[in-house]
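Student: Before we discuss the assignments, may I see the sequence and the structure?

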Amino acid sequence: MTADIKPGSRRRGASDTPAELPDKESIIGYKLRRAQLLVFQDFIQTFAKMKVRPAEFSVLAMIARTPGLKQTEIAEALGIKRANFVALMDGLESRGLADRRKGDIDRRSHSLHLTPEGERFVRKMIATWNEHENRMIERLGGPQERDQLIALLDRLLAGEPSPDE
């Protein structure tokens, strides 16, 4: 006697699972994604009062580090699409944190600068970021483990073009 099996369905037994399929806990991409989500969730909670998202943080940090960069340079370095970057900058300008200045040579391009309020904001942002970063370092077990993780990630990324290339 045979069992009735509906078309398209199969009975599964332990031996039906291909041996090559790894458990998700051993998949690099799965672990990286889970770690990224944890880091971003902590970041979002940490910066909620300041109303700063990760992309805004990165843009403000780049402007603070190298004032006068063009919009296109920052957008390309961070992998942000032009339309999204314009909207992001509109928001930073409306908050009084950054401004766009027309170039002396090419009047169509804009260089980006922090306003005085933006400079004060970035100082607070850095202090808040240090709290977040220290929590992540503590979860890893300390600065040595952080350096080891960075080295492993660098090795994984070796040969890949960086966003600013």
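Tutor: Ile28, Leu32, Leu156 and Leu157 form a nonpolar patch on the surface, with about 390 Å² of accessible area together. The elements giving two or more residues to this patch are α1 (28-46) and α6 (143-157). This is a predicted model, in which local features need pLDDT of at least 70, side-chain atom pairs count only at pLDDT 80 or more, and totals for chains, interfaces and linings use all residues. Residues are numbered from 1 along each chain as its sequence is written, and side-chain values use heavy atoms, with hydrogens and water left out.

Student: Why is the contact of Arg135 and Asp42 called a salt bridge?

Tutor: A salt bridge requires a side-chain nitrogen of Lys or Arg within 4 Å of a carboxyl oxygen of Asp or Glu. The N to O distance for Arg135 and Asp42 is 2.9 Å, so the pair qualifies. Arg135 lies in helix α5 (residues 116-140) and Asp42 in helix α1, so the bridge ties together parts that are 93 residues apart in sequence.

Student: What makes Asp42 buried or exposed?

Tutor: Buried means under 20% relative accessible area, exposed over 50%, and partly exposed in between (1.4 Å probe, protein chains only). Asp42 has 14% relative accessibility and therefore counts as buried. Arg135, at 33%, counts as partly exposed.

Student: How do you know that Arg53 forms a salt bridge with Glu56?

Tutor: Their closest N and O atoms are 3.6 Å apart, so the pair meets the cut-off. Glu56 is buried, with a relative accessible area of 7%. By this rule the count comes to nine salt bridges.

Note on methods. Patches are made of residues with over 30% relative accessible area and no salt bridge: like charges are joined within 9 Å, nonpolar side chains (Val, Leu, Ile, Met, Phe, Trp, Tyr) within 5 Å. Accessible areas come from the Shrake-Rupley method with a 1.4 Å probe; for residues, only the protein chains shown count as cover. Helices (H or I, at least four residues) and strands (E, at least two) are DSSP runs, numbered from the N terminus.
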